[in-house]
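Morning, everyone. Have a look at the model on the screen, and then I'll walk you through some charged pairs and a sheet.

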Amino acid sequence: MHSFDPNAQTERENYKLLIGSIIPRPIAFVTTDSGNGVINGAPFSYFSIVSSNPPMVSLSIQRPASGHKDTARNIYRTKEFVVHIVDRDNVEKINETAASLAPDESELIRAGLTPVASEVVAVPGIREAKVRMECRLVEAIPFHEGDAGSDLLIGRVVRFHIDEEIYSNGRIDPRALNAVSRLAGTSYAEIGEIFSMDRPK
């Protein structure tokens, strides 16, 4: 087995080991308000559940040496954002939003995504997602290593929106949702074989 000291490697080398081994990763498409009438949207695969009581999710947004990315800057300012689950039906459009645009340009317009009003937060979501979660920022933890770093943002879910086609008896059908996950490089994965195991008592 190979052994690597992360302190003896470049950031890029550590990045490749992390994204190649921590798979599959769910993808959050996040909408935020730029403050000048533009709704920004971007996908993130450093995304997970934090808690169900209260319901909270986390985003880790990498920060280049030039400063915060639009999404992080907008969340710090407004304390609000909307998380959408990326699925096989919307992944091509979501991929378009990963392009580098100026802060006053909307990725939603570029990708042909349809804004839909939220119920609790001011930031709109998108109609093309089967699951969306309106969130309010509860904790922001910045990390620094040299010039660059990241921001761990934890949001409390204040409203769930679930497409009726994927929801029944209090549960979401994973096949109907058909969420897409991120692997390494340009590779993605769909829901494959599903199997069950009983937990030991």
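Start at R73. R73 is partly exposed, at a relative accessible area of 35%. Here, buried means under 20% relative accessible area, exposed means over 50%, and partly exposed is in between, with a 1.4 Å probe and protein chains only. D70, in contrast, is buried, at 16%.

A word on the source. This is a predicted model, where local features need pLDDT of at least 70, side-chain atom pairs count only at pLDDT 80 or more, and totals for chains, interfaces and linings use all residues. Residues are numbered from 1 along each chain as its sequence is written, and side-chain values use heavy atoms, leaving out hydrogens and water.

Back to our pair. R73 and D70 form a salt bridge, 2.4 Å from N to O. That term means a side-chain nitrogen of Lys or Arg within 4 Å of a carboxyl oxygen of Asp or Glu. Why are these two about one helical turn apart? Because they sit 3 residues apart in helix α2, residues 70–78. Helices are DSSP runs of H or I with at least four residues, strands are runs of E with at least two, and both are numbered from the N terminus.

How many salt bridges does a search of the whole structure find? It finds 9. Let me take some more of them.

Next, E96 and R110. Their side chains meet at 3.4 Å, N to O, in a salt bridge. E96 lies in helix α3 (91–96) and R110 in helix α4 (107–111), so the pair ties together parts 14 residues apart in sequence. E96 is partly exposed at 36%. R110 is partly exposed too, at 46%.

Now E119 and R159. Their closest N and O atoms are 2.8 Å apart, in a salt bridge. E119 is in the loop between β7 (115–116) and β8 (125–126), while R159 is in strand β10 (148–162), so this pair links parts 40 residues apart in sequence. E119 is exposed at 55%, and R159 is partly exposed at 33%.

There is also a network: salt bridges link D87, D89 and K130.

Last, the sheet. It is open, with 3 strands in the order β1-β13-β14 and antiparallel pairing. Two strands pair if DSSP finds at least two bridges between them. The edge strands, β1 (25–26) and β14 (188–189), each pair on one side only. β13 (181–182) and β14 pair over 2 bridges. Where is the bridge partner of S181? In β14, at A189.
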